[in-house]
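Subject: The model, and what turned up in it

Hi there,

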Amino acid sequence: MQTSEGPVLWEQTQGCPQGSCSAPAFWNIVAGEILSVQWPQGVHLQVFADDFAFIVTDNTREGLRKLSKLALDMFKDWSDKK
């Protein structure tokens with residue numbers, strides 16, 4: 001990239017540039033798996049592009065805390081493997 005201070009280089013070491021032709025295929029290979037996980041009742045994973053968001057519902061604050069932690073732990077286990 002050309003800047004006012006001269007060219008700047010950054011070495012890509014992993015991942016896929018956004019907008020690349022192969023991005024959808026990589027998405028299907030990597031992220032497709034998490035979309036098939038059976039989440040506990042009250043947990044919904046919403047995905048858009050490369051963003052993930054959980055929608056968690058429960059009748060109590062403690063229930064929300066427990067479900068949120070469970071969902072995040074499950075997601076972390078998956079992401080650590082990937």
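How many residues apart are Asp-73 and Lys-69 in helix 3? They are four residues apart, about one turn of the helix. Helices (H or I, at least four residues) and strands (E, at least two) are DSSP runs here, numbered from the N terminus.

Before going on, a word on the source: this is a predicted model, where local features need pLDDT of at least 70, side-chain atom pairs count only at pLDDT 80 or more, and totals for chains, interfaces and linings use all residues. Residues are numbered from 1 along each chain as its sequence is written, and side-chain values use heavy atoms, with hydrogens and water left out.

Salt bridges

The structure holds three salt bridges, each being a side-chain nitrogen of Lys or Arg within 4 Å of a carboxyl oxygen of Asp or Glu. In one of them, the side chains of Asp-73 and Lys-69 meet at 2.8 Å, N to O. Another joins Glu-62 to Arg-65 at 2.7 Å, N to O; these two lie in helix 3 (residues 61-81), three residues apart, again about one turn. Asp-80 and Lys-76 also pair up, at 2.7 Å, N to O, and they are separated by about one helical turn because they sit four residues apart in helix 3. The general rule is that an α-helix has 3.6 residues a turn, so residues three or four places apart point the same way.

As for exposure, I call a residue buried under 20% relative accessible area, exposed over 50%, and partly exposed in between (1.4 Å probe, protein chains only). Glu-62 is partly exposed at 38%, as is Arg-65 at 46%. Asp-73 has 35% and is partly exposed, and Lys-69 is partly exposed at 46%.

The two sides of helix 3

Helix 3 has 21 residues and reaches 30 Å from its first C-alpha to its last, close to the 30 Å expected at 1.5 Å a residue (the expected span is 1.5 Å times one less than the number of residues). Its buried residues include Gly-63, Leu-67, Ala-71, Phe-75 and Trp-78. They cover an arc of only 85° around the axis, so they are on the same side of helix 3; the arc is that of the directions from the helix axis to the C-beta atoms. Their cover includes helix 1, helix 2 (32-35), strand 3 (43-48) and strand 4 (51-56). On the face turned away from the buried side you will find the exposed residues Arg-61, Lys-66, Leu-72 and Asp-80.

Elsewhere in the model

Val-30 has its place in helix 1 and is partly exposed, with a relative accessible area of 35%. Val-8 lies in the loop between strand 2 (6-7) and helix 1 (23-30), and is partly exposed at 45%. Not counting residues up to four places away in sequence, Val-8 touches Met-1 and Thr-3, where contact means heavy atoms within 4.5 Å. Val-8 and Val-47 are 39 residues apart in sequence and 33 Å apart in space, C-alpha to C-alpha.

Happy browsing, and do write back with any questions.

Best wishes
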